[in-house]
Amino acid sequence: MSKIKKIKTDLPGVFILQPTVFEDNRGFFMESYNKNDLETVGIHFDCVQDNHSLSIQVGVLRGLHFQLYPKAQTKIVRCLKGVIYDVVVDLRKGSPTYLQWRSFILSEYNKLQIFVPKGFAHGVLSLVPNTEIFYKVDEYYSPEYERVIRWNDPDLNIQWPIETPILSEKDKNAPLLKEIINEINFVYKL
């Protein structure tokens, strides 16, 4: 029996992962990643890199990031400390949810994780100070294949719970989707 529950979202291939958490007066224990348990629920994921980020202030927005094929990344994202507003955007041509976005709240309290397959842009917003995010990816970071879409792209119309986020220079100067749409090489596959 798997110690992780896979919860479907309305974006094909995007899942909420709910681990079994053992809590008592000392704290808690959980397996945040178990390859066998993931395979039991139909997710085949080989991690090659772990990433860990700290957002000191409320309102730090990172994204919308993705990598093109052949260096596209699948991610499992979790919030170790604090609370994040996590956004995924479907960039897979032919998908029934092409160019649609969804948001999820991940926190140290709910211990939920999000499984983001290849073909999605991803962004996170810190909702409390000192928020830490940890995510596993199945492909190494590749600067030449990395792309960014502007967080407030009007064609996506993402409803972020903030008007003036704290951004890196890269994210602040990111192109609009229409400026890079022709180079996005994701195709929807069942």
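In what order do the 5 strands of the open sheet stand? I began my notebook with that.

**Ground rules.** I noted that this is a predicted model, where local features need pLDDT of at least 70, side-chain atom pairs count only at pLDDT 80 or more, and totals for chains, interfaces and linings use all residues. Residues are numbered from 1 along each chain as its sequence is written, and side-chain values use heavy atoms, with hydrogens and water left out.

I read the order as 9-8-11-6-13, with antiparallel pairing. Strands here are DSSP runs of E with at least two residues, and helices are runs of H or I with at least four, numbered from the N terminus. Two strands pair if DSSP finds at least two bridges between them. Strand 9 (101–107) and strand 13 (146–148) are at the edges with a single partner strand each, so one side of each has no neighbour in the sheet. From one strand to the next the twist averages 25°; the angles are taken between N-to-C directions of lines fitted to C-alpha atoms, and run from 0 to 180 degrees.

I then looked at one pair. Strand 8 (residues 83–90) and strand 9 are joined in the antiparallel sense by 7 bridges. Ile84 has Leu106 in strand 9 as its bridge partner.

**The whole chain.** I found 3 helices and 13 strands. The radius of gyration is 16 Å, close to the 16 Å that the globule rule gives for 190 residues, so the chain is as compact as a globular protein of that length. The radius is taken over C-alpha atoms, and the rule is 2.2 Å times the number of residues to the power 0.38. Of the 190 residues, 50% count as buried. Buried means under 20% relative accessible area, exposed over 50%, and partly exposed in between, with a 1.4 Å probe and protein chains only.

**Two loop residues.** Is Ile56 buried or exposed? I located Ile56 in the loop between strand 5 (49–55) and strand 6 (61–67). Its relative accessibility is 56%, so Ile56 counts as exposed. Leaving aside neighbours within four places in sequence, Ile56 is in contact (heavy atoms within 4.5 Å) with Pro129 and Asn130.

Thr74 sits in the loop between strand 6 and strand 7 (75–81). At 8% relative accessibility, Thr74 counts as buried. With neighbours within four places again left aside, its contacts include Phe45, Phe115 and Lys136. I also noted that a polar atom of the Thr74 side chain lies 3.3 Å from the backbone nitrogen of Lys118.

Key. A polar contact is a pair of N or O atoms within 3.5 Å; within protein, one must be able to donate a hydrogen and the other to accept it, and residues adjacent in sequence count only if both atoms are side-chain atoms.
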